[in-house]
Amino acid sequence: MNPVAGYRAPYPGTQPNHLHPPYVSSIKRAPSHRLVQVPYTLSEVTGPSFNPQIVSPAASDLTRQHKGEPLGERIVVSGRVLDENSRPLPNTLVEIWQANSAGRYQHEVDQHDAPLDPNFTGCGQAVTDSEGRYRFVTIRPGEYPWRNHYNAWRPAHIHFSIFGPAFATRLVTQMFFPGDPLLPFDPIFNCTADEKARNRLISVFDWESTIPSQALGYRFDIVLRGRDATPMEE
Amino acid sequence: MSLQATTSQTVGPFFKIGLQWLYRDNLADEGVAGERVIVRGRVVDGDGIGVPDAIVEIWQANSQGKYAHPADTQDKPLEPGFLGYGRVPTDNQGAFRFTTIKPGAVPGPSGTEQAPHLVISVFMRGLLKRLTTRMYFPNDARNAADPILNLVGPARSATLIAKSGTDSLEWNVVLQGTNETVFFDLGL
């Protein structure tokens with residue numbers, strides 16, 4: 001078997017290092033040895049492909065998972081999943097989770113003194129369509145305090161998990177909101193050296209997906225790594 | 001036009017609400033061909049303390065060494081109903097457990113053969129991007145010629161090979177220190 005075409009290395013500064021001391025929990029969890037460079041093999045350029053039917057269409061509307069309507073500001077979050085060659089990635093699984101409008105997660109570890117919302121769980125799934133598009137209806141999440149440093153607050157964000165076509169393309173990230181005053185102070189958002197790359201995590205207000213009298217729209221496009229054109233022999 | 005890949009961010013401490021719907025601790029339903037194995041392990045941090053908020057994802061070939069993916073063009077049979085994907089969280093002590101079948105050997109670079117292995121992603125609070133590693137199987141003669149284990153070298157490759165227990169295999173993810181697991185640079 002010939003060498004396998006791998007996936008492109010990131011543009012310098014556009015991905016975080018594992019160790020980022022301002023984010024205190026990275027200190028005891030980031031590897032201390034240098035990562036071992038290995039060639040791509042069939043194991044990394046393949047990955048799970050899920051039957052789109054594992055996700056019900058209802059799973060993308062987080063405001064209709066319970067008897068009543070959740071509290072807070074209804075929003076539409078939509079975008080495309082593309083690769084670095086601007087090719088849309090159809091049929092890929094997108095999972096999201098988030099705090100409720102008061103900044104509280106439906107999770108036993110979250111003890112923040114803010115109310116739970118019996119009508120909001122805060123998780124959703126979607127599979128991208130033939131043009132790589134996904135769309136969620138949800139509630140704008142609240143900001144919340146955490147214990148990283150004195151008076152630490154996370155900016156409002158939605159967690160995203162995306163598979164893409166291969167083990168190599170798997171990505172977990174967070175989407176933020178434009179104009180959030182907490183962004184300059186958040187060590188997680190600021191873990192990436194490249195300012196433009198960081199700012200691409202901020203969604204864009206979007207008239208096109210805004211529903212009159214219903215919900216503001218935010219657009220968040222996700223780019224997964226592109227494949228190298230030619231195989232590399234190390 | 002060339003875009004740049006989206007920046008990775010941590011899964012944080014509350015990933016359970018978003019990811020548990022797809023937890024799969026049994027990768028191979030009854031009837032799937034292959035030697036069944038139970039894998040048990042712990043994820044431990046730089047102080048040797050179990051990480052209670054980590055998630056381990058597994059990807060593997062079937063017992064013939066064929067991946068259920070279009071990029072695998074080998075002339076080998078697919079196993080109906082076998083996806084090859086697993087996702088398990090750690091418990092309060094940092095322990096995880098899953099059941100699967102031992103995969104077959106798969107092709108490696110330049111005509112080599114890779115010994116049976118699982119490819120693994122580990123996510124947790126505190127990790128701004130995932131860690132990737134591999135688990136190999138104990139007492140498999142093919143390990144000696146595996147191109148990736150050989151690249152890692154004898155000093156550290158043992159961290160990638162599970163140990164045989166009485167009813168299960170044991171394989172731990174050690175994040176830091178002298179017994180630190182080998183993690184791979186896939187250009188993430």
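Colleague: Which strand of chain B is joined to β1(A), and do the two run parallel or antiparallel?

Modeller: In general, strands of a sheet pair through backbone hydrogen bonds, either parallel or antiparallel. Here β1(A) is joined by two bridges to strand β12 (residues 184-185) of chain B, and the two run parallel. Strands are DSSP runs (E, at least two residues) and helices likewise (H or I, at least four), numbered from the N terminus; two strands pair if DSSP finds at least two bridges between them. Within this pairing, A:V36 stands opposite B:F184.

Modeller: The model is predicted: local features need pLDDT of at least 70, side-chain atom pairs count only at pLDDT 80 or more, and totals for chains, interfaces and linings use all residues. Residues are numbered from 1 along each chain as its sequence is written, while chains are lettered from A and ligands numbered from 1 in the order in which they are written.

Colleague: How many residues of each chain are in contact with the other?

Modeller: Two residues are in contact if their C-beta atoms, placed from the backbone, lie within 7 Å. By that criterion, 69 residues of chain A are in contact with 64 residues of chain B. Elements of chain A that give two or more residues to this side include β3 (93-98), β8 (157-162) and α2 (195-199).

Colleague: What ipTM does the predictor give the complex?

Modeller: The ipTM is 0.97, and the pTM is 0.97. For chain B, the mean pLDDT (the predictor's confidence in each residue, from 0 to 100) is 96, and 99% of its residues reach 70 or more.

Colleague: In what order do the strands of the open sheet in chain A lie?

Modeller: The four strands have the order β4-β3-β8-β9, with antiparallel pairing. β4 and β9 of chain A stand at the edges with a single partner strand each, so one side of each has no neighbour in the sheet. Between β8(A) and β9(A) there are six bridges, and A:S161 stands opposite A:V172 in β9(A).

Colleague: How many helices and strands does chain A have?

Modeller: Its secondary structure comes to two helices and twelve strands.

Colleague: What share of the residues in chain A is buried?

Modeller: A residue is buried if 20 or more other C-beta atoms lie within 10 Å of its own, with C-beta atoms placed from the backbone. Buried residues make up 45% of the 234 residues in chain A.

Terms used:
A residue is buried if 20 or more other C-beta atoms lie within 10 Å of its own, exposed if 12 or fewer, and partly exposed in between; C-beta atoms are placed from the backbone.
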